[in-house]
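Subject: Structure handover

Hello,

Here is the structure I said I would pass on.

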Amino acid sequence: MAGDFVLVSDRLGFRRWRPDDLELAVALWGDPQVTAFIGGPASPTAAGARLAAEIATEGEFGFQYWPIFQLSDGGHVGCCGLRPYRPAERIHELGVHIRPAYWRRGLAVEGARAVIAHAFGSLEARALFAGHNPDNQASRALLEKLGFRYTPDELYPPTGLLHPSYRLEAPTPVF
């Protein structure tokens, strides 16, 4: 599996979603705990549509919410990556979904830092956007830890709520 990784951090390997990953997609996006703050669990059909959308996003933009795996044992941790937010401005949305068995191990921070480095490095992003459900304090703490700064709330259609939103600017080059 190591040769399949598009990114690697100390404990995580990131690879592209494949059409045969439906079982992983259902386990992740069909989990009520994972999706509690983003609209609730997806049916197998909806998880399959999400899987297809991630694959299409990768094909069009060169990134997606990549599935992530623990390097030590190959366990599927969740996903972490990017989606287009304002592509013409090179501003992408950062997202992280971690399966409950892997919560509270620092894997969301580790994964997000690897994606941020990739976004501002290879992808030459100008900035990153992220948002969270107003009741999800863990996501708020994660974004603040990563250095994101609060911007106005934005409507998130799957929940029908205004979600606190954040932005992280690309580092200024030092000459």
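Arg 104 counts as exposed because its relative accessibility is 79%; exposed means over 50% relative accessible area, buried under 20%, and partly exposed in between, with a 1.4 Å probe and protein chains only. Arg 104 sits in the loop between S5 and helix H3 (107–120). Helices (H or I, at least four residues) and strands (E, at least two) are DSSP runs, numbered from the N terminus. The phi of Arg 104 is near 60°, which is a positive value in a residue other than glycine.

This is a predicted model, in which local features need pLDDT of at least 70 and side-chain atom pairs count only at pLDDT 80 or more, while totals for chains, interfaces and linings use all residues. Residues are numbered from 1 along each chain as its sequence is written, and side-chain values use heavy atoms, with hydrogens and water left out.

Glu 124 is another residue other than glycine with a positive phi, here near 55°. Glu 124 belongs to the loop between H3 and strand S6 (127–131). With a relative accessibility of 54%, Glu 124 counts as exposed.

The sheet

Eight strands make up an open sheet with mixed pairing, in the order S1-S2-S3-S4-S5-S6-S8-S7. Two strands pair if DSSP finds at least two bridges between them. Strand S1 (5–8) and S7 are the edge strands, each pairing on one side only. On average, neighbouring strands of this sheet are turned by 30° against each other, direction ignored. Helix H1 packs on the sheet, where it touches strand S2 (12–15), strand S3 (65–70), strand S4 (76–86) and strand S5 (91–98); contact means heavy atoms within 4.5 Å. The direction of H1 makes about 85° with that of S4. For such angles, axes are lines fitted to C-alpha atoms, for helices over the stretch in contact, and the angles run from 0 to 180 degrees between N-to-C directions.

Leu 7 stands opposite Phe 14 in S2. Which way do the residues of S2 point? Leu 12 and Phe 14 point one way, Gly 13 and Arg 15 the other way, and all are buried.

Arg 149 has Arg 167 in S8 as its bridge partner, and Tyr 156 has Leu 161. Four residues lie between the strands of this hairpin, and Gly 160 takes a positive phi near 75° there. How many of the eight residues of S7 (149–156) are buried? The number is zero, so S7 lies largely in the open.

The helices H1 and H2

The axes of H1 (residues 22–29) and H2 (residues 44–61) come within 9 Å and cross at roughly 115°. The two helices are therefore roughly perpendicular to each other; angles under 35 degrees count as roughly parallel, over 145 as roughly antiparallel, 65 to 115 as roughly perpendicular and the rest as oblique. The contact involves Leu 22, Ala 25, Val 26 and Trp 29 of H1, and residues of H2 including Pro 44, Ala 47 and Leu 51.

Gly 30 is in the loop between H1 and H2 and is partly exposed, at a relative accessible area of 22%. Leaving aside neighbours within four places in sequence, Gly 30 is in contact with Ala 25, Pro 41 and Ala 42. The C-alpha atoms of Gly 30 and Ser 43 are 6.1 Å apart, although these residues are 13 residues apart along the chain.

The cysteines

A search of the whole structure finds zero disulfides, a disulfide being a pair of cysteine sulfur atoms within 2.5 Å.

Regards
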